[in-house]
There are 2 protein chains.
Amino acid sequence: MNAIIVTIGDEILVGQTVDTNSAHIAKELNKLGIAIDEILSISDTEEHIKQALNQYVGRADFVFLTGGIGPTNDDITKHVLTEYFNDKLVIYPEILDKIKNFFERFNKPFLEVNRLQALLPENARIIENTRGTASGMWFKKGKSNIFSMPGVPYEMKGLLDDFLAELVKEYPLGNLYHNTVRVTGIGESYLAEQLKEWEQKILNKNISVSYLPSVGELKIRLTGKLDQKEFIDQNIDYLLTEKRKYVYGREHESIVRVIGDILIERNLTLGTVESCTGGSIAKQIVSMSGSSEFYNGSIVSYTNELKANLVGVKQETLDANGAVSEQVVREMAINGAKILGTDYCISVSGIAGPSGGSDAKPVGTVWIGLTCPEGTYAKKFSFGYNRKRNIQASVYAGLNFLRLSLIEEINL
Amino acid sequence: MNAIIVTIGDEILVGQTVDTNSAHIAKELNKLGIAIDEILSISDTEEHIKQALNQYVGRADFVFLTGGIGPTNDDITKHVLTEYFNDKLVIYPEILDKIKNFFERFNKPFLEVNRLQALLPENARIIENTRGTASGMWFKKGKSNIFSMPGVPYEMKGLLDDFLAELVKEYPLGNLYHNTVRVTGIGESYLAEQLKEWEQKILNKNISVSYLPSVGELKIRLTGKLDQKEFIDQNIDYLLTEKRKYVYGREHESIVRVIGDILIERNLTLGTVESCTGGSIAKQIVSMSGSSEFYNGSIVSYTNELKANLVGVKQETLDANGAVSEQVVREMAINGAKILGTDYCISVSGIAGPSGGSDAKPVGTVWIGLTCPEGTYAKKFSFGYNRKRNIQASVYAGLNFLRLSLIEEINL
């Protein structure tokens, strides 16, 4: 079974919108063993939509279309599809009622333009959108299933779930198998060097090994056939145990989840005191649902005044060493744990850039501190040159610093 | 002039990586008036890479390839391209020196696999990568320019800049014109209703109007020919002045930038006290380079203990009203401004979900407070149902609350 994803909309072609939908759809289809052949982005014109339909309908088992079915004038996908499949638009009264309810629930006035969202192709199968007003439309032609969804990611995800739940009733799905681990604290080429022999053993079994780097972390993915699941899983376990200094978790386990699970199990609490990361560590932690079970909170002491007055870093420590120093992050971590009432506290002070660097402390210099029940550690990191990247790398380094201490792999 | 972007790599097709590169490339090309016809993602196999080259070389003026030129075994793009263009791989000594320097600069050992990064096609034009070890390769065939870059976004961006700087020396570029505004605090269909007549006037001039919604904000983009620039700019100005309650800035102006510019100009300072957003507002502010000129910092009081002990919210206020209440966000904002020593303080307390909701306060209920020199405001918001979305919408609502107060459009 194979699929094609087609995103419709100028916003992607002019670079105004990053296409996150395709990654989500691809991930969900992969779980079902449906391989994605291609992902194509086209402009929202009748000509381009028809051209894509001509190209893929009949060739692929599934064609997923996103975008162009909203309420505004630039949304033409519904009309093009209705014509292409020789269908006609009619009002669906039960959809109209649901759209009206949707507006009532949020206390918003119902406009004529919203009524048009209940005008849908008569012969397509309509999948109700519980998160918005643009319904999903499921057309069939030959061996191909064509499914059209809105481009708003939140709405698309809900509709895709409902659509796939219907799909698995009709098709026997599932024959590819992936398993993935997440890595931090080491570069791609160093890890590949360490894993050279192991990798050759995997490749000899016709299982592919992919290295997927991003800022602060790396993923390693093994892909084979479903009947190789056991071998793949064993090798994933090997990485998780033998390389645990770097390999921190499975695909669905964020580093926050890994840390959080340990802290919750041991009934320990965490706080953070951030300077250059400006709340990014806190944000990452709080993105985990249930983080309130171990996370108390953070002080973002962005100015030196707050480092002194609120966090209680000694003025002489700041004067003698500067804010980006071992001594300052140590005091931030120790005092932070006291103020926030936590067992552990991560602290960060660095130069994110683009300004603020010097010869002695260039942009990208970041000190990270950690207070634990056993003592306080601090370590200096030298990252790249760009503000966003320095911040993101610092977030991972701070969280990994704590992880290494929790699994007793810290080595300073 | 037209272009095609081809991303190479299974990581996108299996949904493990979101393709942010294409949006960046598209945006940069659009500035030069190069329209993107299609964006295609394919798997990193010889067959698919060749198929894409056959499809686009000769048809498009520019073909941008990303991915598959890293140091690990799964990177095959360089080899496929070298064969396709009848070239051969040779060591470039000056590139080898630069790669060695790159490793020395970061105090990292130089491995054999890194040496292979200096093995490049003899007849292609090589663009040096100052941010990594995979060089850019520029091939020409007929009217087509084919440019291959690494998939790591940070490295790709640097190489693209250098490549485009060369390109504009050889080609006369520029004939499309876009202008965009950013909107928050109103839904797509309501704004479209308000702008109905205005929109018709624009469309009558053959200028397209696109609404681009995302969580918390919306963009409106006008696209026409370069000789319609004046008319487009006038209409963008119209939106910025006449609809300023919702239209907060131009495309490159984040809401933080808009607020920051006003605060810096008036020599005012800002702090934040966050509960359910857990540092996300701080993170958004600090992502702006130069934010230290107006932003002091934040307290992320995620627990009720910290709200009481660190922020000084009265225990009886918490007991009588609960943490998600008007009274609590008022005290958070007032006390926050004092503790952080700022003129303005935004506070947030809400139920991000998925747990913690009740009939009286369902998931998505968020109170936002704001202390200003003129007084303290508070407002309740009811967002959707998903944790990430509730947090993101709260960030925009909090920042917009401050913006409305700064431009004297607040209306409570």
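## Strands across the two chains

Two strands are said to pair if DSSP finds at least two bridges between them. Strands here are DSSP runs of E of at least two residues, and helices are runs of H or I of at least four residues, numbered from the N terminus. With that in hand, let us look at this predicted model, starting where the chains meet.

Strand 2 (residues 35–42) of chain A pairs with strand 2 (residues 35–42) of chain B in the antiparallel sense, over three bridges. Which residue is the bridge partner of L40(A) in strand 2 of chain B? The partner is L40(B).

## How the chains are related

## The contact between chains

Residues count as in contact if their C-beta atoms, placed from the backbone, lie within 7 Å. The contact takes 76 residues from chain A and 77 residues from chain B. On the side of chain B that touches chain A, the largest share, seven residues, comes from strand 14 (residues 295–301) of chain B. That side has 34 nonpolar, 28 polar and 15 charged residues. In this scheme Ala, Val, Leu, Ile, Met, Phe, Trp, Tyr, Cys and Pro are nonpolar, Asp, Glu, Lys and Arg are charged, and the others, Gly among them, are polar.

## An open sheet in chain B

Four strands of chain B form an open sheet in the order 10-11-9-12, with antiparallel pairing. Strand 10 (208–214) and strand 12 (247–250) of chain B stand at the edges with a single partner strand each, so one side of each is left without a neighbour in the sheet. From one strand to the next, the twist averages 25°.

Strand 9 (residues 176–183) of chain B joins strand 12 of chain B through three bridges in the antiparallel sense. In strand 12 of chain B, V181(B) has R250(B) as its bridge partner.

## Reading the numbers

Residues are numbered from 1 along each chain as its sequence is written, while chains are lettered from A and ligands numbered from 1 in the order in which they are written. As the model is predicted, local features need pLDDT of at least 70 and side-chain atom pairs count only at pLDDT 80 or more, whereas totals for chains, interfaces and linings use all residues.

Technical notes: Two residues are in contact if their C-beta atoms, placed from the backbone, lie within 7 Å. Axes are lines fitted to C-alpha atoms, for helices over the stretch in contact, and angles run from 0 to 180 degrees between N-to-C directions.
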